[in-house]
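Look at the model below.

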Amino acid sequence: MTGVNVVALIVLIVLFAIVTVLGFLAARWRRPESLASLHEWGLGGKSFGTITSWFLLGGDLYTAYTFIAVPAAMWATGAVAGFFAVPYTVVLYPIIFFFLARMWSVAHRHGYVTTADIVQGRYGTKTLSLAVAITGILATMPYIALQLVGIQAVLEVTGLGGSSVLARDLPLLIAFAVLAAYTYSSGLRAPAMIAFVKDSLIYLVIAVAIIYLPLKFGGWRGIFDAAAAKMAAPSAANPKVATGVFIPGDAAQWAYASLALGSALALFMYPHCVTATLSSKDRSTGRRNAVILPAYSLLLGLLALLGYVAIKAGTKPLGLDGKANPQLVIPQLFEDHFPSWFAGVAFGAIAIGALVPAAIMSIAAANLFTRNIYKAYFKPNPTDEQEARVSKIVSLITKFGALLFVLLLDRQNALNFQLLGGVWILQTFPAIVFGLFTRWFHRWALLAGWAAGMLYGTVVAYGFCTQCTVRPFANSLAIVPLLGKAGYIGLTALVVNIVVTAVLTLVLRAAKVSNGTDLTVQSDYFADVDDPGVQAVISEHEPIR
Amino acid sequence: MSDMETTDPARPPTDPRWRPTPTKFIVTAILLVAIVVPLLVPTYTRVEPRVFGFPFFYAYQLGWVFLAAALCGLSFWLLRRERAAYLRARDVGSRADDQPRSEQRRTSSANDDERGGL
């Protein structure tokens, strides 16, 4: 692959331009009096119905990183690293069915915008709420960075890049600038509108790829056989070990299940997923979407299998520097086997697929900062405009920070920090979700549990290496202490977290230490949009009540 | 504080949203199945029988995508049915006394049979 694939690039640019225009026009959608207030900017103002939420959540949950990294993992090391994404999304929806509606209800009764607000209302503590806020912001930043990595992968395959810093980084800078601009002006409406376009394109591209490519390469049986052969062959890095896993053996089974379960528990703790949830118009929207969002899971499963198709096709994902880069597998597969214009459509879909979540993530992180750090500790009574301005600036800073991260650090570091972010965000699960059901757990116990989980997870993630390439934070798996088998570090840390929380709760309750004031009553967790006291649109200017 | 569910018009039933009910128990069981069974990895780590050329390991998990969605759909439907039944029973009894107990606040909105409740 030499030179620039002009046709693909042009199609990509056109699609990007269309979406940019939409992003700016979005400010007019369901037009409010002013986008200067945070609830208009940060939550989309008037709330979103089931279909819009489906597109928005889908755009949120299925990101460019997902579409690039999952098949790349399948191609490189097989089922455990890649296909766990399918059982992850299978168990995700029953899990969120339990608590999303409660989250919506209590948030709309008390004016909560973020998960840190929920914690503060339930336990009357700013400290635990600050812990949740900081974790949320820290975990979101590498995730944004990885969306930009997704755009980079696509651009690299079209041939943009090479030794000139300008050629390599300029397109990314332009994409970033555009994203920053319309997010600044339109807030959450922008990604909501763009999500329609993005998801439609993704569906189209994947549907075509899934039907056309296997036929081209002789059917699924041959594809699976080729994958099995590759995974069984000795690894290039270490000939004593197999390349990967085709079907998990005994040793890998808990790793597989724990990756799925841990990721499912963690996902809706991310600020951007909570933002999308709270912006829907009634408490049941989340549940209706739990029924129809699995359409995306099917897509994800088939997309993962495209990683195997690439094995059969003999795709060689070489970067412009000549080195192998698994992240390029899917773009390269498309470029090799589709006409250029369709490859351009596919690349456009992926690039846009990076913009939607990057926008929402930066907005959500900004909300967290504004409400739970700026207002809580610096300026308790800002005006509507001040608040919106702080959020807009923070959103810009998070995107800019992510951009620097991608430009300056090597890609493997970005991937590793995302893994660590996943371990971290999972530790906020007890503080947020247990409180939606019961006040039995003590707030200081929850804080200690969170700290224990964070510490354990970070230390273990730092140290473990399977093939010992001496790179910290490189692996999401580690031996589980009492089990003796490899498991997802995040889930093990969560168990440590819960045990510490439970034990300390018993101690603190026995010692009659105060558990703070609870702003909520039981019926709050079931209130729906027509019930008294429920705000259809959460007003962010007001503190929680 | 929990009330026996009754269709006696003189004693309106309590809202099933904020107390344990048989329906909620069933829904919880259904959802737990949907969470636990797909994670029982040893039950599906095999290649045969193949489905459309897909090894069982892969086909089974893709199949669960549909099944989990269906189970969520079933749960949603069961909860809505319970709420609709409650609203019908409440409206029958509302001719008589319909004062709520403790902190429960009732709505008399005509739109509320569109919502499920758990």
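Two residues are in contact if their C-beta atoms, placed from the backbone, lie within 7 Å. By that rule, 39 residues of chain B are in contact with 39 residues of chain A. Helices here are DSSP runs of H or I with at least four residues, strands are runs of E with at least two, and both are numbered from the N terminus. On chain B, helix H1 (22-36) and helix H2 (56-93) each supply at least two residues of the side that touches chain A. H2(B) gives the most, with twelve residues.

This is a predicted model, so some limits apply: local features need pLDDT of at least 70, side-chain atom pairs count only at pLDDT 80 or more, and totals for chains, interfaces and linings use all residues. Residues are numbered from 1 along each chain as its sequence is written, while chains are lettered from A and ligands numbered from 1 in the order in which they are written.

What is the side of chain B that touches chain A made of, by class? It has 22 nonpolar, eleven polar and six charged residues. Ala, Val, Leu, Ile, Met, Phe, Trp, Tyr, Cys and Pro count as nonpolar, Asp, Glu, Lys and Arg as charged, and the others, Gly among them, as polar.

Now take chain B by itself. Chain B has two helices and zero strands. A residue is buried if 20 or more other C-beta atoms lie within 10 Å of its own, exposed if 12 or fewer, and partly exposed in between. Of the 118 residues of chain B, 26% count as buried. Among contacts in chain B between residues at least 6 apart in sequence, 70% join residues at least 24 apart.

Next comes the nonpolar core. The term means a set of buried Ala, Val, Leu, Ile, Met, Phe, Trp, Tyr and Cys residues joined through C-beta atoms within 7 Å. The largest has 213 residues, and Ala346(A), Ile350(A) and Ala351(A) have the most contacts inside it. Helix H17 (residues 340-378) of chain A gives the most to this core, with 22 residues. Beyond its neighbours within four places in sequence, Ile350(A) is in contact with residues including Ala64(A), Phe67(A) and Val154(A).

Is Phe429(A) buried or exposed? Phe429(A) counts as buried because it has 21 C-beta neighbours inside 10 Å. This residue is found in helix H20 (residues 429-437) of chain A. Its C-alpha atom is separated by 7.0 Å from that of Ala266(A), 163 residues apart along the chain. Leaving aside neighbours within four places in sequence, Phe429(A) is in contact with Leu265(A), Met269(A) and Leu494(A).

Finally, the backbone. Most residues other than glycine have a negative phi, and most peptide bonds are trans. A cis peptide bond joins Glu48(B) and Pro49(B), with omega about -5°. Pro49(B) lies in the loop between H1 and H2 of chain B. Phe52(B) is found in the loop between H1 and H2 too. Its phi is positive, near 50°, in a residue other than glycine. Phe52(B) counts as exposed because it has 8 C-beta neighbours inside 10 Å.

Lys512(A), not a glycine, has a positive phi of about 55°. Its place is in the segment after helix H22 (489-510) of chain A. With 7 other C-beta atoms within 10 Å, Lys512(A) is exposed.
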